[in-house]
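Dear colleague,

I am handing over the structure we spoke about, and my notes on it follow below.

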Amino acid sequence: MSLVNRQLLLRTRPEGLVRQENFELREQPAPALADGQALVRVLYLSMDPTNRVWMSDVPQYMPPVAIGEVMRSLGLGRVVASKSSRYAVGDLVQGLVGWQDYAVLDDARAKDWVKLPPKPPVALPTLLGACGFSGITAYYGLTEIAPVQSGETLVVSAAAGSVGSIAGQIGKLRGARVVGIAGGPDKCRHLIEDLGFDAAVDYKADHWKQALAEATPDGVHVNFENVGGPVMRAVLSRMVNGGRVALCGLIANYASGGKPADDYSVIIVKRLTVRGFLAFDYQDQQRAVQELVGWVLSGKIKAGETVAHGLENAPLVLNRLFDGSHTGKLVLKVADDH
Ligand SMILES: NC(=O)c1ccc[n+]([C@@H]2O[C@H](COP(=O)([O-])OP(=O)(O)OC[C@H]3O[C@@H](n4cnc5c(N)ncnc54)[C@H](OP(=O)(O)O)[C@@H]3O)[C@@H](O)[C@H]2O)c1
């Protein structure tokens, strides 16, 4: 029986939020394999803010997705056919699978893929969230980029999201007072009651800057920054002299085309250290993954995911990262794992 491969190709570059018409859904037979290749059935796609950046015509740490190209995306899947010497049918792999049902894994590009245990100790969506790239990002941000010390105050923005929820919980494990910033009272309650944050600030509420000041009476020693814009400016204004910023992301700018404010004087006045980083740069990701899996299995860290369904829905599901209608890691389920 021939396999049908549905693919979502970038048709036009979105302005603002993504529209379904920005993508073309194409159906064609799954690719035939050459020697040294394996066919991967995509099971889950990772919905990442950076996907929105890749749709823009702005070269970043990776080139933009070209018009007519399958949308680039991290995901995981099972090998269902193989002419590879490295990958056998049944292997579970993670890599840039793209918005499609089937991806081809090439032995020559094996370094771009991670072979996962065939029966992982945590659920598959968790391998894209707390025990995957989000967790790795939070881990290195708070251990290498801006290591937070016991007794310090850590502020995390987009704190109920995938990276932020893990960053805040790592901060608690390291003995920090942790303040999360998130949109809406439900998310703020979740941070305190479920994830053990010390305080939470709803940046969509009136007087939220006052609430931030009250939640950080000793100032802010470390800022794990995911958002940018007014949220970041408010946090910087609360930092102690010599404070450190792990600049992880600036999601407030990704869909709006907005530019960060150009008044950086607070960085001088407060003698701040601001370090941007990309989790890709850390080659030794296994160290982080092992520790994260241990924390999740022992209950020291709670992993949470929002699972959406249907490959064809990927463009609109991605918008949930920008309207905040998810908690934890947002993943898209493409197929059952038989
Ligand atoms: N440097 C790296 O290597 C690396 C790796 C992965 C991710 N990142 C970055 O980390 C950040 C979080 O990524 P994620 O995958 O964990 O996504 P996420 O936090 O699960 O989802 C994004 C969240 O951002 C918040 N948000 C969206 N627009 C906002 C705005 N204008 N102002 C304030 N908050 C806004 C929303 O939460 P609310 O409901 O609270 O508004 C939303 O839930 C992103 O900036 C991403 O680019 C960086």
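Arg-244 and Glu-152 form a salt bridge in which the closest N and O atoms are 3.0 Å apart, a salt bridge being a side-chain nitrogen of Lys or Arg within 4 Å of a carboxyl oxygen of Asp or Glu. This pair links distant parts of the chain, since Arg-244 belongs to strand β12 and Glu-152 to the loop between α2 (133-145) and β8 (153-156), 92 residues apart; helices (H or I, at least four residues) and strands (E, at least two) are DSSP runs, numbered from the N terminus. Glu-152 counts as buried because its relative accessible area is 13%, where buried means under 20%, exposed over 50% and partly exposed in between, with a 1.4 Å probe and protein chains only.

Please keep in mind that this is a predicted model, in which local features need pLDDT of at least 70 and side-chain atom pairs count only at pLDDT 80 or more, while totals for chains, interfaces and linings use all residues. Residues are numbered from 1 along each chain as its sequence is written, and side-chain values use heavy atoms, with hydrogens and water left out.

By the salt-bridge rule above, the count comes to 14 salt bridges. Side chains of opposite charge can pair when their charged atoms come close. Asp-112 takes part in a salt bridge with Arg-109, with the closest N and O atoms 3.0 Å apart, and in another with Lys-111, where the corresponding separation is 3.2 Å. Asp-112 itself is partly exposed, with a relative accessible area of 35%, whereas Arg-109 is exposed at 51% and Lys-111 is exposed at 75%.

A network of salt bridges links Arg-6, Arg-41, Asp-101 and Glu-312. Arg-6 lies in strand β1 (residues 4-10), and its side chain makes a polar contact of 2.8 Å with that of Asp-101 and a polar contact of 3.1 Å with that of Glu-312. A polar contact here is a pair of N or O atoms within 3.5 Å; within protein, one must be able to donate a hydrogen and the other to accept it, and residues adjacent in sequence count only if both atoms are side-chain atoms.

Turning to the strands, β3 (residues 37-46) is largely enclosed by the rest of the structure, because 10 of its 10 residues are buried. Strands β3 and β4 (residues 75-82) run antiparallel and are joined by 7 bridges, with Tyr-44 standing opposite Leu-76 in β4; two strands are said to pair if DSSP finds at least two bridges between them. β3 also pairs with β6 (residues 102-106) in the antiparallel sense over 5 bridges, and there the bridge partner of Val-40 is Ala-103. A further antiparallel pairing, of 3 bridges, joins β3 to β15 (residues 329-333), where Ser-46 has Val-331 as its bridge partner.

β11 (residues 220-225) and β12 (residues 239-247) run parallel and are joined by 5 bridges, with Asn-223 opposite Val-245 in β12. Between these two strands the chain passes through helix α6 (residues 229-236), and this β-α-β crossover is right-handed, meaning that, with the strands pointing away from the viewer, the path from the first strand over the helix to the second runs clockwise. β12 pairs with β13 (residues 273-276) in the parallel sense as well, over 4 bridges, and Val-245 stands opposite Val-274 in β13.

Leu-278 is placed in the loop between β13 and α9 (285-298) and counts as partly exposed, at 31% relative accessibility.

Lastly, Pro-63 lies in the loop between α1 (49-55) and β4 and is exposed, at 52% relative accessibility.

With best wishes
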